[in-house]
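Subject: Structure handover

Hello,

Here is the structure you asked to look at. My notes on it follow below.

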Amino acid sequence: MKRELGMGSALVVICLALFISNSDFLGQSNAVNTLRQISMLGIYAIGSGFVIIAGGIDLSVGSVVGLTGVIIARISSQATGGGGHSLALGVVVALAVALLVGLLQGLLITRLNLQPFIVTLAGMLLIRGVSQTVVQGGTLSLGTSPLLGLANGGLFMRGGDPLLPYPLLIFLGVIAAGGYLLHSTVLGRYLYAIGGNREAAAYSGIPVKRIETTTYVISAGLAGVAGVCYAAYIGQMSQQVGVAYELYAIAAVVLGGCSLRGGEGTVLGIVIGSAMMKVIDNGINMFQVRYQDADGVPRLWRLDANWTFIIVGSVILIAVVLDQVVHVVQGKQRLRVVEPPPAAPTPAAPVS
Amino acid sequence: MQGIGKRFAGVTALRDVSLSARGGEVLALMGENGAGKSTLMKILGGVQPPDAGEIRIEGKPVVIDGVRSAKRLGIALIHQELMLAPNLDIAANIFLGTEGTPLLLSPLPRAAMNKKATALLARVGLALPPTKSVGHLTVGQMQMVEIARALSADARILIMDEPTASLSANESEKLFEVIRKLRADGVCIIYISHRMEEVQLLADRVTVLRDGRWAGDLARAEATSDKIVALMVGRELSGAYFPEKKDRTAGEVVLEVKDLVVPGAPAGVSFAARRGEILGFAGLVGAGRTELVTTIFGVTPARAGTMLLDGQPFAPRSPRDAIRRGVYLAPEDRKHHGLVLPMSITENTTLPGLRAYSRWGRLDGAAERRVAEAEVARLGTRTPSVRQKVVTLSGGNQQKVVLGKWLAMSPRVLILDEPTRGIDVGARAEIYRHVAKLAADGIAVVVVSSDMEEVIGLCDRVVVMRERRMTGLLTGSEITQARIGALMTGARAVATAEVAS
């Protein structure tokens, strides 16, 4: 929990600093939009978290996000290129395809003992390619599909913006379900055991391969759910939707305290990590400093948006470096505590 | 080497050991597993520093503070696991780290390397082009490459740690020829081996270690297998900490193993484990005992043979199958196979039977904690709480967590592979007491151990294995150091009689 506390405090500090520098940061429009962004990232980041906690990695997440929207547009859109079928059919088929992708990757990884990095890397390219052939290199519009309401609508509408956008509601549902699965069930315990020591888990009779496969299904399924939200949010599906999202997910998961070695992490941490990613993203646009130039004219200094990746990359590096420092210091303390007492005397041997 | 001492984290590995070897001589170093042979040789090879003592080469005291300085002094250590890069060719391996170029960026002197390598290969009797990839060689050929590498560094002292462990008879014979040739060239060879025949064939002298101490030197003429075994195992047994043996062998057969062929084993193994007894498996490391018990536990499938559990066919295809039938294994490698180190005592204890603590998949944390606390209390595990992560516990307490995890789900057959490895003396006595108690409770307990004292003190019947074969089954008063020692090292006279019976 220490990691969550640390990242959570850092997040609060950053939010406060942004609010002080620019009060619009917590204005309704920006706050709701940021929450929407956090939610859409968080949904699939939790999926990635399941895989990573069990010691795997899923690089196909972004491509699944993109493919979901492309399938919905292809089946349900009334605009040119769309199939004109019902929206429900499109969504169901898209989610089913996502789950199937996860199942196939999971089976390849566990049954053939292939490396997850390679299998999901190939999956990432393959699925991206499928999206590309469907959209024929161009875009597919969702037109005026009612799906668009999913991203922009929500509960408690105020001035055209909802206070609780639907993606946030979905995210809260995923947090509740994911938190329950991971922290309160047999399945969750098995994930930590497999991530902590795969061999010992197998020696304890855990069906390791089946559980690992399940994590890839969960990851792809949640990527599908996030994909539906992104489709609604963007409206125009192209092969570019979802590019590199798997890396944002991994970054969010790691920022939230999961180890890529597996066996560590919490849903709360992943939520904080996702929020961190998107707050920084948004903060780069919002951050400003008022000052007066030489002539006494008040001016605004803003961050150059071209710095986004430099800042995001630095934040991730700083977080893992700090974490490692804490680990090493704690490890040294532990060693000092466990230092063995002076050699135990041999047991009293019978006097011969 | 004189008065060498070495301690590891509170355990004394070597105490006041002295050893001398001359050029042009083969000195065999013998002893049980854990006697300190490898540690002593690692000190000589610069892999580990000694804590006490002095090393002299040709009369001059030397300080060996690393593998490089050992190399400079002409000492080469050939490890049991060969240290070759299989993706590189023979010449590259021989000169790895000693390419002789002035700069890291200098081009490799391939032609010169190949030429020198060819000469070295001729010396070790290997007729192969130096450009052949090491990954394609047999283990015996790799061994020769290792020796060639040692020779390339002008080694005057060559240490070999069980070089024939994975060689065929033919390959071993070739190795012996090379060793004899090197001896004739004046090289001093220190040869670690468990194989009696080899030692008698090759060695000019034998030095025996026991429990980290020097146990004796034998000249070639007096080095009979009886004398060597006596020096290896002949220690006073301190029976104080073993529980009293009762006549427990009367119970009915729980697990019957018939001609079970483990992958890699030359022949089948048959035995029966009875209710309420402790059945021991003695032998040296690599005798095939761990492979046998992991097969019974379903980790690797058997190649042939049958097993019966309570008279019913038993053919586990995974640990899951074995656990369902009540056959549990506390594995040799606790940290890799027995425990999830970053998890708590509670989580480790309930892991195999986790479903019993859940309703509709939801875990009942209170029930888990109760069971973990009960096991901690029963076994006397020393820990501030059951929430403690097992990584922070000592070896003895970790082993108790492994035991507790299986006791929490009422075993039929409990297999303990090296139950006291790396555990201090005090905790050992406790573990022995618990094991005896389990047997008394009607569990068939199987104990695999390389510790002779443990096997003799604890077990009702003892299966002895050597080189993946079962070489004997001893009961009651037959369980003596001499009998077990002879069966596990293959000292001829006794062994043949046992196999025949």
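Start with Tyr191(B). Leaving aside neighbours within four places in sequence, Tyr191(B) is in contact with Val26(B), Leu27(B), Ala28(B), Leu29(B), Met160(B), Leu202(B) and Ala203(B). Two residues are in contact here if their C-beta atoms, placed from the backbone, lie within 7 Å.

Before the rest, some housekeeping. This is a predicted model, in which local features need pLDDT of at least 70 and side-chain atom pairs count only at pLDDT 80 or more, while totals for chains, interfaces and linings use all residues. Residues are numbered from 1 along each chain as its sequence is written, and chains are lettered from A and ligands numbered from 1 in the order in which they are written.

Confidence

pLDDT is the predictor's confidence in each residue, from 0 to 100. Chain A has a mean pLDDT of 87, with 93% of its residues at 70 or more. For chain B the average is 83, and 91% of the residues score at least 70. Each chain has a stretch to treat separately. In chain A, pLDDT stays under 50 over residues 337-352, for which the model has 21 contacts beyond four places in sequence. In chain B, pLDDT stays under 50 over residues 493-501, and the model has 12 such contacts for them. For the complex, the predictor gives an ipTM of 0.79 and a pTM of 0.77.

The core

Tyr191(B) is also one of the residues with the most contacts inside the largest nonpolar core, along with Tyr44(A), Ile415(B), Val445(B) and Val446(B); this core has 238 residues. Helix H10 (residues 208-234) of chain A gives the largest share of this core, 14 residues. A nonpolar core means a set of buried Ala, Val, Leu, Ile, Met, Phe, Trp, Tyr and Cys residues joined through C-beta atoms within 7 Å. A residue is buried if 20 or more other C-beta atoms lie within 10 Å of its own, exposed if 12 or fewer, and partly exposed in between. In soluble globular proteins, nonpolar side chains tend to be buried together.

The six-stranded sheet of chain B

Helices (H or I, at least four residues) and strands (E, at least two) are DSSP runs, numbered from the N terminus, and two strands pair if DSSP finds at least two bridges between them. An open sheet in chain B has six strands in the order E6-E7-E8-E3-E9-E10, with mixed pairing. Strand E6 (75-78) and strand E10 (213-219) stand at its edges with a single partner strand each, so one side of each is left without a neighbour in the sheet. On average, neighbouring strands of this sheet are turned by 20 degrees against each other, direction ignored. E3(B) pairs with strand E9 (residues 205-210) of chain B in the parallel sense over four bridges, and Leu27(B) has Arg205(B) as its bridge partner in E9(B). Helix H6 (residues 169-184) of chain B lies across E3, strand E7 (157-161) and strand E8 (188-192), and runs at about 145 degrees to E8(B). Axes are lines fitted to C-alpha atoms, for helices over the stretch in contact, and angles run from 0 to 180 degrees between N-to-C directions.

Eight of the eight residues of helix H1 (residues 37-44) are buried, so H1(B) is largely enclosed by the rest of the structure. Among them are Lys37(B), Met41(B) and Lys42(B). Just after H1(B), Gly46(B) takes a positive phi of about 80 degrees. Arg22(B), in the loop between strand E2 (11-17) and strand E3 (26-30) of chain B, counts as exposed because it has 10 C-beta neighbours inside 10 Å. The C-alpha atoms of Arg22(B) and Met41(B) are separated by 16 Å.

Most residues other than glycine have a negative phi. Ser410(B) has a positive phi near 35 degrees and lies in the loop between helix H14 (395-407) and strand E19 (413-417) of chain B. Glu467(B) has a positive phi near 45 degrees and lies in the loop between strand E21 (461-466) and strand E22 (469-475) of chain B. Ser410(B) counts as exposed, with 11 C-beta neighbours inside 10 Å, and Glu467(B) as partly exposed, with 17 other C-beta atoms within 10 Å.

Chain A

The secondary structure of chain A comes to 13 helices and six strands. Of its 352 residues, 45% count as buried.

Regards
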